[in-house]
Amino acid sequence: MEFELNKINIYSLNDLLNKEIVCDCGRKHYTNMKKVLIEENAIEKTADVLRELGYKKALILSDQITWDIAAHKVAEVLDKKEFVYDTDILQGKVIPDESRIGNIVINTAKDIDIILSVGTGVICDLGKLVAYKMGIDTGIIVTAPSVDGFASKHAAMVIGKLKISYSAVCPTVLIGDVNILKQAPMSMIIAGWSDIMGKFSALSDWKISSIVNNEYYCNVISEMVKRSVQTCRNNLEKIKQRESSAIKEVMEGLVLTGIAMSFVGTSRPASGSEHHLSHCWEMKSLENGEKIAPHGIQIGVSEILIARLYKWLLEKKNEIDFLNIKNQMKNFNEAIWEKNIENYFEENAKNIINEIKTDKRYALEKRMNRLKTIETNWNEICKILEHMPSDKDMCTLMKDAGTAVYPKDINISEKEVADSVRMAKEVRSKYTILGLLDDLGLLEEFAKKMEFVCNQ
């Protein structure tokens with residue numbers, strides 16, 4: 001199958017599955033997903049889908065909440081169709097850490113050939129990683145359209161209080177029963193919608209890195225995700241009214257983003273600087289034993305902040321003195337940089353420092369090469385800055401959605417906003433607007449400025 005920019009609108013989700021796709025970008029894309037079913041009463045077809053794909057015995061993985069919402073219905077369907085299964089209903093607050101992973105592995109029978117995770121992000125991520133460790137497949141029954149990682153092979157785990165994205169397995173089957181999805185708490189539906197809105201900066205960051213670092217970039221995949229974002233943006237009122245067609249489009253947008261990640265082999269089409277801020281906030285909340293807003297709600301807030309950084313840099317586009325920046329780069333103090341990481345990341349600092357030193361991203365030669373490329377392509381980079389929605393537009397959009405807008409709305413202090421702007425570039429190796437600002441010597445200036453205006 002050929003994957004062409006001018007034919008994006010004609011592809012359905014299932015057109016993209018389980019086949020090699022020859023893309024305009026010159027690469028071949030592939031995802032291990034075999035079946036996506038997003039429709040009313042989809043759960044009724046669970047046993048049929050599993051048999052169609054050749055499975056013999058499933059493990060239904062849920063927590064008590066998702067058991068009551070949907071997993072018990074899955075069990076009833078499997079009983080009715082005489083499909084063999086076990087259950088593992090996780091108790092208490094489910095944190096995707098080493099303990100949970102180990103317990104699930106220990107309690108999973110050897111003859112299970114697919115883990116059927118029923119829930120949202122955390123349950124599905126656990127299912128992915130356990131399936132990967134056991135060498136079996138995983139499937140997902142989604143209970144709320146709340147996150148964008150359902151269809152990706154990445155699993156977000158909390159290891160040593162640091163949120164880490166692991167490469168695991170892509171689900172082979174995904175079922176979204178619209179009758180269940182549209183009854184999810186509106187906060188969860190809007191969280192998924194907000195997560196999709198975060199793709200504005202994720203895609204812009206990806207394009208910037210393709211210029212600065214010659215990182216692989218697929219225009220077809222980027223455009224596919226953009227169109228899904230626009231569809232969800234335009235259907236906000238219908239989503240708030242829980243219209244079945246609009247809820248289905250949100251779910252399809254979240255799945256499409258996951259497929260895009262599988263095609264690229266990284267989370268680039270879905271995650272950039274907006275997610276990096278969120279990772280910092282989540283890490284700090286774990287350290288302090290505090291509750292934090294759902295992931296997608298955080299992304300809505302962080303998207304506004306990142307849009308503001310894009311705007312500020314655009315306003316300075318004619319003031320950039322590359323010669324002066326080159327001279328300032330030579331004054332980089334590794335000891336101070338290392339101390340700042342230790343102060344902020346505490347027990348996670350050592351691993352972060354070692355990773356950065358290994359890839360040498362702050363070595364003078366690398367930084368000088370990046371700056372030279374930035375200078376050469378500055379006009380092209382500025383065009384990306386211009387196409388990013390403004391922070392004002394994003395703020396209005398989040399207000400229209402009735403969700404959190406300012407950091408204070410999710411109990412993030414002005415100081416933590418500024419600190420996360422300074423430090424978020426360290427939590428992932430991905431180059432984003434934060435890395436660009438750092439290379440241009442503007443990150444500290446913008447972080448200080450953000451502390452005073454983040455809640456305005």
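Visitor: Which residues in H6 meet which residues in H12?
Guide: Ser187, Ile190, Ala191, Ser194, Asp195 and Met197 in H6 meet His295, Gly296, Ile297, Ile299, Gly300 and Glu303 in H12. Contact means heavy atoms within 4.5 Å. This is a predicted model: local features need pLDDT of at least 70, side-chain atom pairs count only at pLDDT 80 or more, and totals for chains, interfaces and linings use all residues. Residues are numbered from 1 along each chain as its sequence is written, and side-chain values use heavy atoms, leaving out hydrogens and water.

Visitor: Why is H6 called oblique to H12?
Guide: H6 and H12 pack at about 45°, with their axes 7 Å apart. Axes are lines fitted to C-alpha atoms over the stretch in contact, and angles run from 0 to 180 degrees between N-to-C directions. Under 35 degrees is roughly parallel, over 145 roughly antiparallel, 65 to 115 roughly perpendicular, and the rest oblique. The angle of H6 to H12 therefore counts as oblique. H6 also passes H12 in a left-handed crossing (the near helix is turned anticlockwise from the far one by less than a right angle; clockwise is right-handed).

Visitor: What classes of residue make up the contact of H6 with H12?
Guide: Five are nonpolar, five polar and two charged. Ala, Val, Leu, Ile, Met, Phe, Trp, Tyr, Cys and Pro count as nonpolar; Asp, Glu, Lys and Arg as charged; the others, Gly among them, as polar.

Visitor: Why is H12 oblique to H17?
Guide: H12 (residues 295-315) and H17 (residues 378-387) pack at about 135°, with axes 9 Å apart. That makes the pair oblique. Their crossing is left-handed. Tyr310, Leu313 and Leu314 of H12 touch Trp378, Cys382, Leu385 and Glu386 of H17. Six of these residues are nonpolar, none polar and one charged.

Visitor: What makes H7 roughly antiparallel to H17?
Guide: The angle between H7 (residues 199-212) and H17 is about 175°, with axes 10 Å apart. So H7 is roughly antiparallel to H17. Ser204, Lys207, Ile208, Ile211 and Val212 of H7 contact Glu380, Ile381, Ile384 and Leu385 of H17.

Visitor: What volume has the second largest pocket?
Guide: About 880 Å³. A pocket is an open set of points on a 1 Å grid, with protein on both sides within 12 Å along at least five of seven lines; lining residues have an atom within 4 Å of a point. Of the 31 lining residues, Phe332, Arg367, Asp438, Leu443 and Glu444 are the closest to its centre. H14 gives the most to the lining, five residues.

Notes:
1 Å grid on protein atoms, 1.4 Å probe; cavity = no way out; pocket = protein on both sides within 12 Å on 5 of 7 lines; lining within 4 Å. Points joined across faces, edges and corners; volume = space filled by probe spheres on them. Helix = DSSP H or I, 4+ residues; strand = E, 2+ residues; numbered from the N terminus.
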